[in-house]
Amino acid sequence: MDLPEPPRGESRLPPGQYVPRGRPVIHYGRVPAFRPESWDFRVFGATADGLERVLTWGDFEALPKTTVLADFHCVTKFSIMGNEWRGVTAGDLMAAVPASPNVRHVMIWGEYGYSANVRVSDFRAALLATELEEKPISPDRGYPVRAIVPHLYAWKSVKWVRAVEYMVEDRRGFWEDRGYHNIGDPWREQRYSYQEEPGDGPP
Ligand SMILES: Nc1nc2c(c(=O)[nH]1)N[C@H]1C(S)=C(S)[C@@H](COP(=O)(O)O)O[C@H]1N2
Ligand SMILES: [Mo]
C-alpha cells in the first residue's frame, strides 16, 4: 500500500481549513444511475501498447482491493478527517494497464464530462474507491467508483469515474479550467490558478 499515512496531531488540518458538523455532499450536476451491464471503465491515451482498454464492471471488481485511511479537504474550506476508503489503488490499475514511459499526467474522467487532471506522481498515490466505511459508496458520493486523491483538494477526487486518460502533455480538467489551481495542494493552499507559478500548469 503506497498511500502516505496522514500526519498526526494538529498539523493534520491544512491551513485555512475547518472541520464542520456532518458531512456535506457536493457536486456539479445530477447523480447518475449505475447499470452494471452497460457500465464500463476505459483506460485510454498514451498506454504502453498504444491500445485503449475497456474494463467491464466484472473486470473492475476482479482487481485487487486495498483499504486506505485518508483525510478529505474541499477548497471551500471544510475538511473531513479519517475516512476509511476501500478500492483499487491507481498503482494496481496501472499494473493492469501500463502507461507509456513518457506519461507525466493523468486526466480522471467522471460521468457527464466532469474531469480533473493530476500529475502521474499524484495519480500513483490515488485510490479508485468502491467502499466508504465498509459499505458501497452511496450514489451521491460516487457509486460505484470514485477517485480519492487524499493529498490534493477534493475537486480532484472525481465521483462516478468512468475513464482514465494517460497524458504526455498536461491539460486542465473541469475546475482547473474555471479558475482553480492546476495542482491543488492543500498544504500549500494552492486554491486558485492565479497563484500558479511557472511549471505548475499548462499555459
Ligand atoms: N463527478 C464529480 N466529482 C466530483 C465533483 C463533481 O462536481 N462531479 N465535485 C468535487 C468536489 S468540489 C468535492 S468537494 C467532492 C465532494 O465529495 P462529497 O460529496 O463526497 O463530499 O467531490 C468532488 N468530485
Ligand atoms: Mo470541493
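Visitor: Which strand gives the most to the lining of the second largest cavity?

Guide: Strand S3 (residues 66-73) does, with 3 residues; strands here are DSSP E runs of at least two residues, numbered from the N terminus. This is a predicted model, where local features need pLDDT of at least 70, side-chain atom pairs count only at pLDDT 80 or more, and totals for chains, interfaces and linings use all residues. Residues are numbered from 1 along each chain as its sequence is written, and side-chain values use heavy atoms, with hydrogens and water left out.

Visitor: How do I read a cavity?

Guide: Rolling a probe the size of a water molecule over the atoms shows where empty space is left. On a 1 Å grid over the protein atoms alone, a cavity is a set of points where a 1.4 Å probe fits but cannot get out, and lining residues have an atom within 4 Å of a point. Points are joined across faces, edges and corners, and the volume is the space filled by probe spheres set on them.

Visitor: How many cavities of 30 Å³ or more are there?

Guide: The count comes to 2.

Visitor: What lines each one?

Guide: Around the largest you'll find, among others, His105, Arg119, Asp122 and Lys156, and strand S6 (residues 115-119) gives the most, with 3 residues.

Technical notes
Chains are lettered from A and ligands numbered from 1 in the order in which they are written. On a 1 Å grid over the protein atoms alone, a cavity is a set of points where a 1.4 Å probe fits but cannot get out, and a pocket is an open set with protein on both sides within 12 Å along at least five of seven lines; lining residues have an atom within 4 Å of a point. Helices (H or I, at least four residues) and strands (E, at least two) are DSSP runs, numbered from the N terminus.
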